Amino acid sequence: MERVTPDFEVVYVDDRSRDGAWETLEQIAASDAAVRALRLSRNFGQHAAITAGLERARGELVVVMDCDLEDPPEEIPRLVAKAREGYDIVLSRRVRPRSGGVRRLASRVYFRARRRLMGVDVDPDYCTLSVLSRDVVHAFVAVRDRHRQYMLVVHWLGFRRAVLDVEQGDRGAGESAYTLRELVRVAIDGFFFETTVLLDWIVVLGFAVALAGAGLAAYYLASYAAAGSVPGFTSLAVLILLVGGFIIVSTGVIGLYIGKIFEQVKKRPLFVISESVER
């Protein structure tokens with residue numbers, strides 16, 4: 001950082017980790033005036049922690065990065081230099097896969113489906129490592145969506161941006177906190193954050209089911225008029241299962257939207273800072 005500017009700060013956000021990180025951060029912040037440390041009252045999640053750091057950051061340019069060293073600090077000067085060319089946002093994109101084949105394939109399918117269905121084009125290889133201007137930070141903090149993802153918020157904000165390829169490093173210690181269940185939850189939130197397009201699809205599919213039902217009714221009437229009888233109960237059972245399944249799925253989607261509305265209107269803070277070491 002001293003190669004970038006003589007006036008800088010480092011803001012650490014401890015999302016209530018269990019590995020003794022806070023005690024270490026207290027010692028670092030107490031001995032270095034350039035370091036500030038924040039500790040959340042509980043684990044609010046990665047994206048709430050990023051928001052807490054951005055809300056407290058004071059620089060004209062703010063670098064956002066993960067703490068596991070997969071985001072290489074050595075790339076900061078290059079990203080900052082690009083931002084000083086007049087870009088409000090500088091994103092980094094990994095040049096080699098971070099995850100295994102199956103997980104990477106699932107990620108590709110998910111992002112492609114979201115791009116096709118929702119028109120949201122976010123490269124799955126973008127890293128958290130990025131540089132934001134002061135205007136972008138103010139705009140980011142002003143977004144108070146409870147169910148947020150850092151990259152989706154940045155994408156929604158717009159602004160002039162650039163992308164640089166980086167070679168990610170290996171994780172310094174520990175393992176990813178994102179289990180399969182967490183990844184599924186993040187994927188669902190990614191669909192619901194951007195748009196209500198799923199509700200539009202429910203309406204379209206509802207009309208399609210209704211049209212199919214009308215066609216089937218016409219077929220049965222024609223069969224009855226021609227042969228004096230209609231097919232057995234198998235087709236009726238299949239139709240009931242189809243319509244019932246559609247109703248259950250559509251009701252579930254609507255319920256998820258209502259649940260998110262309920263959590264949003266309570267207007268609870270995105271995070272709570274319990275301790276800080278700042279100068």
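The protein chain folds into nine helices and seven strands, where helices (H or I, at least four residues) and strands (E, at least two) are DSSP runs numbered from the N terminus. This is a predicted model, in which local features need pLDDT of at least 70 and side-chain atom pairs count only at pLDDT 80 or more, while totals for chains, interfaces and linings use all residues. Residues are numbered from 1 along each chain as its sequence is written, and side-chain values use heavy atoms, with hydrogens and water left out.

**The chain as a whole**

Of the 279 residues in the protein chain, 32% are buried; buried means under 20% relative accessible area, exposed over 50%, and partly exposed in between, with a 1.4 Å probe and protein chains only. The accessible surface comes to about 16,800 Å², and carbon and sulfur atoms hold 60% of that surface. These areas come from the Shrake-Rupley method with a 1.4 Å probe, and for residues only the protein chains shown count as cover. Contact means heavy atoms within 4.5 Å. Among contacts between residues at least 6 apart in sequence, 80% join residues at least 24 apart.

**The four-stranded sheet**

Let's turn to the strands. An open sheet with mixed pairing has the order β3-β5-β4-β6; two strands pair if DSSP finds at least two bridges between them. β3 and β6 (161–166) are the edge strands with a single partner each, so one side of each has no neighbour in the sheet. Neighbouring strands are turned by 20 degrees against each other on average, direction ignored.

Strand β5 (residues 126–133) runs antiparallel to β4, with four bridges between the two. Four bridges also join β3 to β5, again antiparallel. Some of the residues facing each other are listed here.

| Residue | Opposite residue in β5 |
|---|---|
| Val62 | Leu132 |
| Val90 | Val131 |

Seven of the eight residues of β5 are buried, so this strand is largely enclosed by the rest of the structure. Helix α3 (residues 76–83) lies across β3, β4, β5 and β6, and runs at about 160 degrees to β6. Such angles run from 0 to 180 degrees between N-to-C directions, with axes fitted to C-alpha atoms, for helices over the stretch in contact.

**Two nonpolar cores**

A nonpolar core is a set of buried Ala, Val, Leu, Ile, Met, Phe, Trp, Tyr and Cys residues joined through side-chain atoms within 4.5 Å. The largest one has 18 residues, of which Leu54, Leu132, Phe140 and Tyr150 touch the most other members. Two or more residues each come from α2 (46–56), β3 (61–64), β4 (89–94), α5 (134–142) and α6 (150–157). The most, five residues, come from α6. A second, separate core holds 13 residues, including Val80, Ala83, Tyr87 and Val131.

Helix α6 is mostly covered, with six of its eight residues buried: Tyr150, Met151, Leu152, Val153, Val154 and Leu157. Leaving aside neighbours within four places in sequence, Tyr150 is in contact with His47, Ile50, Leu54, Val64, Thr128, Ser130, Leu132 and Phe140. After α6 comes Gly158, with a positive phi near 85 degrees.

**Cysteines**

How many disulfides does a search of the whole structure find? The count is zero, taking a disulfide as a pair of cysteine sulfur atoms within 2.5 Å. Cys67 counts as exposed, at 74% relative accessibility, whereas Cys127 counts as buried, at 1%.
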